[in-house]
Amino acid sequence: MYPSDFAYHRPGSLGEALSLLQSNGDGDVKVLAGGQSLLPLIKLRLAQPSALVDMARVPELRGIVEEGDGIVLGAMTTYFQAIDSPVVQRRCPLIVQALRQVGDPQVRARGTIGGSLAHADPAGDLPAVAVALDAEIRAIGPNGQRSIPASDFFVDMLTTSLQPNEVVTAVKFAATDRPRTGTAYVKHRHPASGYAVVGVAAVVMLNEDGTCNAARVGITGVGTHAARAKGVEQALAGQSVDANTLGQAASHAADGLDVTGDTYASAEYRRHLAQVLARRAIVEAAGRAR
Amino acid sequence: MPRADNFPIFELDRTTTPAPQNPIGAKGVGETGTIASSQAVVNAVVDALAPFGIKSLDMPLTPERVWRAIQAARAGGSSGQ
């Protein structure tokens with residue numbers, strides 16, 4: 001549980017952070033955010049970076065602001081700051097409901113929005129929310145800034161489309177405080193780690209007659225990375241939200257996913273959980289939309 | 001919450017029946033309460049699953065193990081355990 005030696009940098013601005021990432025180009029430099037995933041990896045020597053660039057004192061990565069049809073959270077926003085924010089509570093209650101279920105109070109106090117997404121844990125809670133809320137991940141690197149849709153951001157287990165010298169600066173989430181729109185996040189929590197064995201984030205938009213206009217469903221823990229459950233969404237669109245539709249829609253929860261099992265839950269059981277939890281999330285979200 | 005001063009008065013004595021199964025006649029009593037609790041939980045789950053015809057389950061009762069027992073009972077009428 002002792003890390004190998006590494007250099008430690010704590011820049012005071014984004015410009016300074018980026019130049020540190022460039023100047024350490026030869027070695028394996030890691031960006032340190034809340035450290036809730038990276039530090040255990042370093043202590044187990046599964047990661048042995050030559051240098052860490054700690055973003056704790058980079059002011060440009062902080063803050064929660066409303067922007068058009070959504071809200072923008074700085075990458076270094078902690079889970080607790082997001083949960084505690086009236087803006088997030090009002091405009092994206094799905095984020096609050098999901099983050100309340102992350103880890104334990106210590107993890108929620110230290111873990112960050114940007115760190116969680118950049119780490120891309122296949123059982124992380126926030127990635128499911130990000131895909132369900134059509135998040136836009138904003139990153140900066142030597143070639144300037146760019147925005148990456150969440151659906152293109154997660155590419156494989158612990159792998160994103162970020163370049164090694166790019167840093168997540170902020171994440172924009174689509175707001176859901178609209179008429180006849182409801183959201184929900186439900187998970188089967190691993191009893192030891194608190195990670196999602198399976199987690200489902202649902203956004204349901206109803207028509208005036210109560211039928212489903214459209215739905216966005218994000219799923220985590222089932223495949224190698226969080227993904228939209230398109231089969232579920234398509235089965236809901238235009239339908240009345242009744243038992244028949246729900247059963248039909250939920251049966252598609254794990255479609256197209258490369259389901260992997262572990263010592264806690266086999267692939268078969270995970271597929272079953274995905275279907276059960278997708279149904280529950282949709283029912284809860286639709287209830288809030290009414 | 002019961003406290004020490006709620007404890008009943010009792011007399012101490014010693015048993016004079018050595019266990020025949022081991023050379024020194026000792027009996028384990030230190031964790032008798034702990035040992036029984038997990039069986040009580042398992043029995044409660046097995047009782048809850050009685051409508052499926054499930055008569056026994058092995059610990060640990062992970063969610064998947066309970067789910068599999070129900071699936072097996074539905075498929076063949078036998079719990080498979």
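A residue is called buried if 20 or more other C-beta atoms lie within 10 Å of its own, exposed if 12 or fewer, and partly exposed in between, with C-beta atoms placed from the backbone.

## Basis of the model

This is a predicted model, in which local features need pLDDT of at least 70, side-chain atom pairs count only at pLDDT 80 or more, and totals for chains, interfaces and linings use all residues. Residues are numbered from 1 along each chain as its sequence is written, while chains are lettered from A and ligands numbered from 1 in the order in which they are written.

Ala120(A) is not a glycine, yet its phi is positive, at about 55 degrees. Ala120(A) sits in the loop between helix 7 (113–119) and helix 8 (126–132) of chain A; helices (H or I, at least four residues) and strands (E, at least two) are DSSP runs, numbered from the N terminus. Ala120(A) counts as buried because it has 23 C-beta neighbours inside 10 Å.

Asp134(A), also a residue other than glycine, has a positive phi near 50 degrees. Asp134(A) belongs to the loop between helix 8 and strand 6 (136–141) of chain A. With 18 other C-beta atoms within 10 Å, Asp134(A) is partly exposed.

## A cis peptide bond in chain B

The peptide bond from Met59(B) to Pro60(B) is cis, and its omega is near -5 degrees. Pro60(B) is located in the loop between helix 1 (32–48) and helix 2 (63–76) of chain B.

## Helix 11 and its packing in chain A

Two packed helices are described by the angle between their axes and the distance between the axes. For helix 11 (residues 243–250) and helix 12 (residues 267–289) of chain A, the angle is about 135 degrees and the axes are 9 Å apart. Axes are lines fitted to C-alpha atoms, for helices over the stretch in contact, and angles run from 0 to 180 degrees between N-to-C directions. Helix 11 and helix 12 of chain A are therefore oblique to each other (under 35 degrees is roughly parallel, over 145 roughly antiparallel, 65 to 115 roughly perpendicular and the rest oblique). Leu246(A), Ala249(A) and Ala250(A) of helix 11 meet Gln275(A), Ala278(A), Arg279(A), Ile282(A) and Val283(A) of helix 12, contact being C-beta atoms, placed from the backbone, within 7 Å.

Within helix 11 of chain A, Leu246(A), Ala249(A) and Ala250(A) are buried. They cover an arc of only 90 degrees around the axis, so they are on the same side of helix 11 of chain A; the arc is that of the directions from the helix axis to the C-beta atoms. Asn244(A) and Gly247(A), on the other side of helix 11 of chain A, are exposed. The buried residues of helix 11 pack against helix 10 (230–236) and helix 12 of chain A.

Technical notes
Contact = placed C-beta atoms within 7 Å.
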